[in-house]
Amino acid sequence: MAVEMIVTNAKVLTMDAGRPRAEAVAVAGGKIVAVGSAAEVASLAGPETRVIDAGGRTLLPGFVESHLHLVLGGNELVQLQIGGVHGFEALKAAFEAYAVQYPSNALLMAQGASYEILDAPVTRADLDRVIADRPIAMMSPDHHTVWANTAALAAAGLLHGAAMPHGHEVVMAADGTASGELREFEAFGPILALGGEAHLQLGIATGGEPTPWPSDAVRAKDKEKIAAGLAHCAAHGITSMVNMDGNRYTCQLLREMKDEGRLTARVKVPFHFKPHMELSELERASAMTAEYNDDWVSSGFVKMFMDGVVDSRTAFMLNDYPGTTERGEPLFEPERFKAICAEIDRRGLQIAVHAIGDGAVRTTIDGYEAAGQANGLRDMRHRIEHIELIARSDIPRLGALGITASVQPPHPPGAMDFPMSTMETVFDRDRWVDAYLWKSLADQGAPLAFASDWPVTDVSVMRGLQAAMTRVPYEGAKDERVSLMDSLYAYTAGGAWAAHMESITGKLVVGLAADLVLIEGDIEAIDSGDLGKTGIALTIAGGNITHQGVGLAA
């Protein structure tokens, strides 16, 4: 097969222990066909070969984004962004300008509202003072809380409260009406539905499918949102991703885009199992896995939520939150969760569970352990997503049971965009030593996969890498950073392995997919505090260029 592309004069970091470094890579038919010195690879060039001089830049396997929400992120790109906005006047000005820009929107939706945006609990009265005559709402950065004005609550049928599943809450005020705060997906789903997004939220809110099935016109609009999200990810070097919400509809949109030649990254999509479901619903998970199972669109795993988040005190803790008698609750009854895990595992499906508090992490580990006891301990690579707090006695259990720690470098307060106030007000000071323990987990055998959780945080891998490398230990805690090479591995080969994609991508070795990212500069020479400003010169997925930076003359 004729070589179609060569990237040469590069600092190639292959993530392959057998040949960790090289100078050039050759590509043909969407695969890597050679990795070696510049001279070795140059000899393979033919008259039609495109030769890209990397100019000494760093060439890596394409980044594997191990935990994001592609459809939601693409949809939010056109919504009001208020990350960093603080105080009433700034909030009002931002919403008013957005309202002028979008005069016909049924809902004015903002993203990135800090829990401390008004220095006091936000109420619908506060948002009525921002805009009263149109429905407006704003989402917290963690995507687990929405605040809405009276017009939005009334339009959504929530003004006088509503019955909710366990763990989801329309917070009520003393006068018997909704306060404006909505906790977790099913509580704020009716608000998001005002903007015509209800069918896109099903994969995370209920695990159901849209009924009726969306028309060609609606699917076309949805695919445009996905395309925007894919382009945004490609600009950050991402060639594979694990989408942490979804349903068959998500898979079908992606398959249609693949058939149309518009899918620029490999995407895994889960079946979302919710607490109200019966075990028989897992037939749908098995069916999705059988129907969508190629190198570009696949399923093969089940996602669950064990708890919420620390800021709203819905994360499930083993001890009370500071100054309260609250510790959150598990969303699944522990013994039932064990049975669910055993059945998912029996079906040969991977499990990924959102678990933030140490109580949720322990309950999840117990479930995976029960699955292993029921079916035999196999190479399932069950994952725990986030692990923000963990009891010391539970750390070695991950390595012993083969559980992947899927963690997010942008998440620790103080590391990137999240303020230290979360640590100071929500985490017990004595437990800071047990928070965000990536190195401790890795040292005791847990494989690491790094991610952003976009749109919860910026999807930029380079900013995430900077956060991973510059994170300052919390008071009394040890340094929980891993090395630069280990961090890069967690963003590439580690993520591919955690997603059962190591036979497809994650390393620069002959026979794997031509998924590549070219970083501006020598990544090992860049000051760790400048990594986030480092550009992506080129992204290649399956041998096709999906992003080209302005600085690269090819």
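I will cover a sheet, a residue in one of its strands, a helix, and a loop residue. Keep in mind that this is a predicted model.

The sheet comes up as the opening item. It is open, has four strands, and runs in the order β5-β4-β1-β6 with mixed pairing. The edges are β5, residues 31–36, and β6, residues 50–53; each has a single partner strand, so one side of each is left without a neighbour in the sheet. From one strand to the next, the twist averages 15°. For β4, residues 24–28, and β5, the pairing is antiparallel, with five bridges joining the two.

Next, T8, which sits in strand β1, residues 5–8. Is T8 buried or exposed? Its relative accessibility is 14%, and the cut-off for buried is under 20%, so T8 counts as buried. What does T8 touch, beyond residues up to four places away in sequence? The list is E23, A24, A38, V51, I52, D53, A54 and G55.

Now helix α3, residues 88–101. A length check: at 1.5 Å a residue, its 14 residues should span 20 Å, and the end C-alpha atoms are 20 Å apart, which agrees. The buried residues in α3 are F88, L91, A94, F95, Y98 and A99. They cover an arc of only 135° around the axis, which puts them on the same side of α3. What do the buried residues of α3 pack against? Their partners are β9 (80–81), β10 (108–111), α4 (124–130) and β11 (136–139). On the face turned away from the buried side, α3 carries the exposed residues E89, V100 and Q101.

Finally, Q444. Where is Q444 placed? It lies in the loop between α15 (438–443) and β23 (448–450). With a relative accessible area of 40%, Q444 is partly exposed. Leaving aside neighbours within four places in sequence, Q444 is in contact with I395, P396 and G399. As for R431, it is 13 residues from Q444 in sequence, and the C-alpha to C-alpha separation is 19 Å.

That is the list; I will take questions.

Note on methods. Residues numbered from 1 in each chain as written. Predicted model: local features only at pLDDT ≥ 70, side-chain atom pairs only at ≥ 80, totals over all residues. Heavy atoms only, no water. Buried < 20%, exposed > 50% of the residue type's maximum accessible area, 1.4 Å probe, protein only. Contact = heavy atoms within 4.5 Å. Expected span 1.5 Å × (residues − 1). Arc of directions from axis to C-beta. Pairing = 2+ DSSP bridges. Axes fitted to C-alpha atoms, helices over the stretch in contact; angles between N-to-C directions.
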